[in-house]
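Hi,

Here is the structure I promised to pass on to you. Have it open while you read, and see below for what turned up in it.

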Amino acid sequence: MLLKIIALLVTISTYQSEVIAHDDDVHTLQYSAETFPVEIAKKDHFVMFYAPWCGHCQRLAPTWEQLAEMLNGIDDGQVRIAKVDCTVDATVCSDNDVTGYPTLKFFKAGGSKGIKFRGTRDLPTLTTFINEQIGSVPVEENSEPAVPQPVNGLLELSEYTFDKHVSSGKHFVKFYAPWCGHCQKLAPTWDELANSFAHGDLVSISKVDCTQHRSVCGQFDIKGYPTLLWIEDGKKIDKYTGQRSHEELKTYVSMMLGKNAESNDEEKKESGGPSDAVFTLTGESFKNGIEKGVTFIKFFAPWCGHCKRLAPTWEELGKKFWANENVHIVKVDCTMNSSKQLCNDQEVDGFPTLFLYKDGRKLSEYNGSRTLDDLYEFVMNHIQSRDEL
């Protein structure tokens, strides 16, 4: 029987040209709160959760009916094509985490957790997805879409990458619509903000197009554009409602990072661990992190006693230059796998080693006293010499 299904799906292009559209859904099975759990336990189901008023649902309806005519018409077929009206059976849709319409999920016989379809909603793609679920087409391992590389610090997230990306760490996210005038006005400032924090891993600046990824925006109950949310470890912490200039947005980010710094202040003092006033770079982020402005870097090892004693002073130095866009106080852990080669390339032969870079070029090694005043004066001398050029 499986071979019969596969053979039918392989001839999709020929069949599609012969299908006559129906005014009414006569082949798609309509399930309710009572019938849904009973029927999906019997055999595999591909289910469309929809709302009658939804334009995307209305456009998908003829294709969904064609799919149903192909598969529901097979005697003792393995897969059933069904749908649930979420305006009538809201509990079923809620239980299946439906946050936008249409949501398409494949349920294995006897299973209660559906596999969400995330592709384009055309007949060939839908049938390929079914083939993958019933095992006639091998699914590549690690086929989950990867988060794209940031462009000048800014990430464009989708419904496929959003949840995984924001599940850990701190994130400032712009939810927008391309046609929104306020969004268009904010766009260059948001790009500038992302670039301001591109040199470290303290916070991720990103954006989501709500016209393309409605399920993400529905998850956070976005009702207007642009909406700016601060998210930590997958949870909404705050909604930004202030002015949208670069300086005010940057101050807000610094404040939110500062809150976390204050809550962990005692731990940081004892451990010499990471601080929110000091950027962290690795082998992967180093080149981009030092390419603009003055960058003063501490190359260290966690077990190094001198490094531990320098840590609180280095944090204070970072705080002194936090508001200066052209100065970055940075640290690199040379014991990390991602940084070992970097430290070798930079000729780090002891810990801590303090190097100063200007616009991507190493200028000087600091060998003076490690007091806050002396370190601060060293950086200021290089800023002043830069201004004189």
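Start with Leu 29: its bridge partner in strand E3 is Ala 82. E1 and E3 (residues 79-85) run parallel, and 2 bridges join them. One thing to keep in mind as you look around: this is a predicted model.

If pairing is new to you, strands of a sheet pair through backbone hydrogen bonds, and they can do that either parallel or antiparallel.

Now zoom out to the whole sheet. In what order do its 5 strands come? The order is E1-E3-E2-E4-E5, in an open sheet with mixed pairing.

Helix H6, made of residues 123-134, lies across E2, E3, E4 and E5. Against E4, H6 runs at about 30 degrees.

Next, the cysteines. How many disulfides does the structure hold? There are 3, and here they are:

- Cys 86 is joined to Cys 93, with an S to S distance of 1.9 Å. The link of Cys 86 and Cys 93 is left-handed, at -90 degrees about the S-S bond.
- Cys 210 pairs with Cys 217, and their sulfur atoms are 2.0 Å apart. The torsion about the S-S bond of Cys 210 and Cys 217 is about -90 degrees, so this disulfide is left-handed.
- Cys 334 pairs with Cys 343, with sulfur atoms 2.1 Å apart. The link of Cys 334 and Cys 343 is left-handed, with -90 degrees about the S-S bond.

If you number the bonded cysteines in sequence order, the pairing reads 1-2, 3-4, 5-6.

Are these cysteines buried or exposed? Buried means under 20% relative accessible area. Cys 86 has a relative accessible area of 6%, so it counts as buried, and Cys 93 is buried too, at 3%. In the next pair, Cys 210 is buried at 3% relative accessibility, and Cys 217 is buried at 5%. In the pair after that, Cys 334 is buried with 9%, while Cys 343 is buried with 4%. Two further cysteines are worth a look: Cys 57 is buried, with a relative accessible area of 5%, and Cys 183 is buried at 3%.

Last stop, helix H13. This helix covers residues 305-320, which makes 16 residues. From its first C-alpha to its last, H13 reaches 24 Å, close to the 22 Å expected at 1.5 Å a residue. Where does H13 kink? The kink, of about 40 degrees, lies at Ala 311, shortly before the proline Pro 312. Ala 311 is also one of the buried residues of H13, and others among them are Cys 307, Leu 310, Trp 314 and Leu 317.

Cheers

Conventions. Residues are numbered from 1 along each chain as its sequence is written. This is a predicted model: local features need pLDDT of at least 70, side-chain atom pairs count only at pLDDT 80 or more; totals for chains, interfaces and linings use all residues. Side-chain values use heavy atoms; hydrogens and water are left out. Helices (H or I, at least four residues) and strands (E, at least two) are DSSP runs, numbered from the N terminus. The expected span of a helix is 1.5 Å times one less than its number of residues. The bend at a residue is the angle between axes fitted to the seven residues ending there and the seven starting there. Buried means under 20% relative accessible area, exposed over 50%, partly exposed in between (1.4 Å probe, protein chains only). A disulfide is a pair of cysteine sulfur atoms within 2.5 Å. Two strands pair if DSSP finds at least two bridges between them. Contact means heavy atoms within 4.5 Å. Axes are lines fitted to C-alpha atoms, for helices over the stretch in contact, and angles run from 0 to 180 degrees between N-to-C directions.
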